[in-house]
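I wanted to look up how aromatic rings pair with one another here, and I kept my notes in the order in which I looked.

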Amino acid sequence: MFNNQSNRRPGNPIVGIIVPILIYWGISFLVDMVVVAAYLTAHGQELMQAYESQSALQTFMEETMTFILGHSTEITSASALLALPFYIYMMRKDERYRKMFVEPEEHKTPWKAPAVSYVYTVLLGVTAGIALNNILILSNLGSISVSYQTTSAGLYAAPVIIEIIGLGVIVPVLEECLYRGVIFRRLRDLMPAKKAILFSAVIFAIIHGNIVQFLYALVFGLLLSYVYESFESIKAPIILHASANLGSVLLTEGNGYGWIFHTPLRMGMVTVICAFTASVFFVLIRNLENSKKNVTKLLKIIAK
C-alpha cells in the first residue's frame with residue numbers, strides 16, 4: 001500500500017488536481033487549432049470560394065469538421081505525446097516531495113509483484129473490457145448518445161496500425177500517468193485508499209463526457225486505481241489499460257463484435273464467460289495484494 005502520510009506538497013490540493021487536467025486540455029486545444037489551420041491553409045482557395053454563399057460556407061465547414069473527426073486518433077495521439085513529458089515531470093517531482101517526508105524504512109517496499117501478476121493484469125483488461133463493452137451495447141445507451149457515436153466513429157476511422165499504436169499504447173500511457181500517476185497519487189496523499197480510488201475514478205469518468213464512456217471509464221477507473229494501489233507501480237495500470245484498449249481495437253476492426261452479437265445465445269455466453277473470467281483474475285490480483293500485506297507485516301515484526 002502507498003504511504004498514508006498527509007501530502008506535504010506546497011499549494012492548494014484542489015489546484016493540484018485541476019491544473020494537470022487543464023494542461024492536457026490546453027495542449028489538445030492547441031493541437032486541434034494547428035490541424036485546423038493546416039487544413040484551412042491547404043484548402044485556402046476552396047475557402048475563399050465558399051464565402052460566395054452561405055450554403056457553400058456551411059458545406060466547407062462541415063467538410064472541415066468531418067476531416068477533424070476522421071483523424072481523431074492521430075490528433076489525440078499527438079496531443080498525448082506532447083503532454084506526456086509534463087506528467088512524467090510531475091510524477092517525479094511529487095515523488096521527490098514524498099521522499100522528503102517519509103521515513104526511509106517506510107518508503108522502501110521490500111515486496112515486488114511477481115511477473116505472473118502482470119499476466120493476470122493483461123487478461124483482466126481484455127476480459128473485463130469485452131464484458132463491459134457487451135453490457136453497454138446491450139443497454140442500447142450508445143444509440144441515444146450522439147456524442148458517443150461521433151466519438152467512436154472518429155476514433156475507429158484511422159488505419160488499424162495507427163489505432164493500435166495510438167489507442168493501444170500512446171493514449172493508455174498518457175492517461176495512466178495523468179489520472180493515476182499524478183491525480184490518484186495526489187488524492188492518495190490526502191485520503192485513504194478507498195476514497196482516493198473512488199474520487200479518481202469519478203474524475204476519470206466525468207472527463208470522458210458522454211454517458212456510455214462515463215460508465216465504461218467509471219468501472220475501469222476503479223480497476224485501474226485499485227491495480228495501481230496494489231502493485232505500487234504505474235506499469236500495472238498502463239498494462240491493464242493498454243490490454244483493454246487493444247482488445248477493443250482488434251475486436252472492432254476484426255468484426256469480432258459482429259461475431260459475438262450474431263446470435264443472442266452467443267452474445268450472452270461470451271459476456272458471462274468474460275465477466276466470470278475477469279472476476280477470477282481480479283481475485284487472483286487481490287490475493288497477491290494480501291500476500292504483500294502479510295510479507296510487509298512480517299518484515300516489520302522482524303525489524304522490531
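Predicted model: local features only at pLDDT ≥ 70, side-chain atom pairs only at ≥ 80, totals over all residues.

Residues are numbered from 1 along each chain as its sequence is written, and side-chain values use heavy atoms, with hydrogens and water left out.

I took rings of Phe, Tyr and Trp (its six-membered ring) as paired if their centres lie within 6.5 Å, with planes under 30 degrees apart counted as stacked, over 60 as edge-to-face and the rest as tilted. I found 8 aromatic pairs in the structure. Tyrosine 216 and phenylalanine 220 are stacked, because their ring centres are 4.9 Å apart and their planes lie at 20°. Both belong to helix α11 (residues 211-231), where they are 4 residues apart, about one helical turn; helices here are DSSP runs (H or I, at least four residues), numbered from the N terminus.

I then looked up burial (buried is under 20% relative accessible area, exposed over 50%, partly exposed in between, with a 1.4 Å probe and protein chains only). Tyrosine 216 is buried at 18% relative accessibility, and phenylalanine 220 is buried at 4%.

Next I noted tyrosine 226 and phenylalanine 282, a tilted pair with 5.1 Å from centre to centre and 40° between the planes. This pair links distant parts of the chain, since tyrosine 226 is in helix α11 and phenylalanine 282, 56 residues apart from it, is in helix α14 (residues 264-303). Tyrosine 226 is buried at 12%, whereas phenylalanine 282 is partly exposed at 26%.

Lastly, I recorded that ring pairs join Tyr39, Phe60 and Phe67 into a cluster.

Conventions:
Helix = DSSP H or I, 4+ residues; strand = E, 2+ residues; numbered from the N terminus.
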